[in-house]
Amino acid sequence: MTAIADRISDKIDDHIGEVRTEALDISFGEIISLHENKELVIHPEYQRLFRWSQEQRSRLIESILLELPIPQLFVIENENGVLELIDGLQRVSSVIQFIDSKGIDLDPLQLMGCDLIQELNGLTFEDLPLRLRLRIKRSSVRMVMIKRQSRSFLRYEMFKRLNTGGENLAPQEIRNCSARMVGDVGTRFYEFLQTCASLPAFRACIEPISEAELEKKGDEELVLRYLAVKNALDMFRGSVRDWLDTYMEGILLERLSFDYETEERSFGRLFSYLEFALGSGAFVKYRADIPIGSLAPAYYEAVTMGVWRALDSLDDAKAEDVKKAVIGAVQSNEFREVTGPGANSRSKLYRRIQLIADAVRVVV
């Protein structure tokens with residue numbers, strides 16, 4: 001038991017110091033100055049700008065005026081010494097909007113919803129007495145800086161752990177933002193997802209996706225989901241989120257190989273065909289041959305990979321026949337059995353893909 005404890009202690013000691021941090025107390029006035037001088041940058045892809053309501057922003061200002069504790073901020077120092085905000089965007093953006101809204105190109109924040117000092121409601125920064133304006137600017141918050149010498153893997157893990165479990169970011173947003181922590185490899189893969197997600201043929205096929213899912217980067221997650229189905233089917237263990245996390249992490253940390261040119265060509269070829277044959281009805285449920293509902297992820301997996309497996313043999317097939325084959329397959333009892341409750345098992349995932357592949361191969 002002592003030997004095991006020693007090994008654990010040694011392992012922990014090895015990692016301590018691999019993330020170099022510095023904590024400092026900084027005033028909101030200094031934060032605004034850093035932002036104005038582009039020494040502190042806010043990347044919208046880290047967090048969707050202003051998910052907070054006007055009331056939430058106003059209550060933060062009220063808390064600052066009352067000198068209530070404000071949660072710490074996290075920034076990462078890039079190679080040029082510029083700080084990138086990775087946690088605390090809502091707080092920082094709310095204060096900037098209140099004090100200097102031109103800095104983020106928004107209308108001035110007018111306070112509303114303040115319940116401790118209701119007299120603040122309806123006021124802007126300029127309406128406050130000078131003493132209170134200075135109090136806000138001089139109020140400080142703890143900022144934790146992740147130094148540029150830190151290992152990229154641990155920077156990546158830090159961002160992921162800061163945001164996992166919260167409600168501010170959707171899973172794909174966390175993946176996208178975490179990718180930036182890795183450096184050039186992560187940025188390249190993130191930009192690859194964006195490029196594929198913007199392909200017109202892909203956009204046409206996923207047209208039924210809800211606005212709420214698009215806001216959470218659901219289109220980029222669908223690109224990642226296709227890649228995982230195509231390249232890492234054996235890694236699936238029942239949790240789609242864990243599966244996509246593990247697959248993307250393998251690429252970011254270069255544990256898995258990824259041929260960008262080949263993958264981009266394959267993606268374009270598949271979705272060009274899917275747009276031609278199925279269009280916006282590619283990944284939805286059908287009833288009496290009529291498309292119903294929004295995009296169904298289980299159908300997306302099955303149709304993309306089922307058609308991909310048969311794609312080389314479809315050159316001479318009529319698009320209308322392929323469309324009928326897919327629509328017929330997704331309405332079959334066997335397909336419904338592997339897409340209903342409990343569909344997130346590897347055997348059912350394999351089976352629904354095979355059902356689509358078999359159906360379209362019969363057309364040839």
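Trainee: How are α2 and α4 oriented to each other, roughly parallel or roughly perpendicular?

Mentor: Please keep in mind that this is a predicted model. To judge orientation, one looks at the angle between the two helix axes. Angles of 65 to 115 degrees count as roughly perpendicular. The axes of α2 and helix α4 (residues 89–100) cross at roughly 85 degrees and come within 10 Å, and α2 and α4 are therefore roughly perpendicular to each other.

Trainee: Which residues make the contact between α2 and α4?

Mentor: On the side of α2 they are F28, I31, I32, H35 and E36, and α4 supplies V92, V95, I96, I99 and D100. This contact of α2 with α4 divides into 7 nonpolar, 1 polar and 2 charged residues.

Trainee: Which residues of helix α2 are buried?

Mentor: Consider the general idea before the case. An α-helix has 3.6 residues a turn, so residues three or four places apart point the same way. In helix α2 (residues 28–36), the buried residues are F28, I31, I32, L34 and H35. Their arc around the axis covers only 160 degrees, and they therefore lie on the same side of α2. Just after α2, K38 has a positive phi of about 60 degrees.

Trainee: At what angle do helix α7 and helix α11 pack?

Mentor: Helix α7 (residues 171–182) packs with helix α11 (residues 218–231) at about 75 degrees, and their axes are 9 Å apart. α7 and α11 are therefore also roughly perpendicular to each other. P171, Q172, R175 and N176 of α7 meet E220, E221 and L224 of α11. Here the division is 2 nonpolar, 2 polar and 3 charged residues.

Trainee: Is V223 buried or exposed?

Mentor: One reads this from relative accessibility. V223, which lies in helix α11, counts as buried because its relative accessibility is 0%. Setting aside neighbours within four places in sequence, V223 is in contact with L193, C196, A197, F202, F267 and Y300. One of these, A197, is 26 residues from V223 in sequence, yet their C-alpha atoms are 6.4 Å apart in space.

Trainee: Which residues of the largest nonpolar core touch the most other members?

Mentor: Among the 72 residues of that core, they are F189, W243, F271 and F283. Helix α14 (residues 297–310) gives the most to this core, contributing 8 residues. Another core, of 35 residues, lies apart from it and includes I31, L85, C114 and L120.

Trainee: With which residues is F189 in contact, leaving aside its neighbours within four places in sequence?

Mentor: F189 is in contact with L224, L227, M248, I251, L252, F258 and Y260.

Notes:
Residues are numbered from 1 along each chain as its sequence is written. This is a predicted model: local features need pLDDT of at least 70, side-chain atom pairs count only at pLDDT 80 or more; totals for chains, interfaces and linings use all residues. Side-chain values use heavy atoms; hydrogens and water are left out. Axes are lines fitted to C-alpha atoms, for helices over the stretch in contact, and angles run from 0 to 180 degrees between N-to-C directions. Helices (H or I, at least four residues) and strands (E, at least two) are DSSP runs, numbered from the N terminus. Angles under 35 degrees count as roughly parallel, over 145 as roughly antiparallel, 65 to 115 as roughly perpendicular and the rest as oblique. Contact means heavy atoms within 4.5 Å. Ala, Val, Leu, Ile, Met, Phe, Trp, Tyr, Cys and Pro count as nonpolar, Asp, Glu, Lys and Arg as charged, and the others, Gly among them, as polar. Buried means under 20% relative accessible area, exposed over 50%, partly exposed in between (1.4 Å probe, protein chains only). The arc is that of the directions from the helix axis to the C-beta atoms. A nonpolar core is a set of buried Ala, Val, Leu, Ile, Met, Phe, Trp, Tyr and Cys residues joined through side-chain atoms within 4.5 Å.
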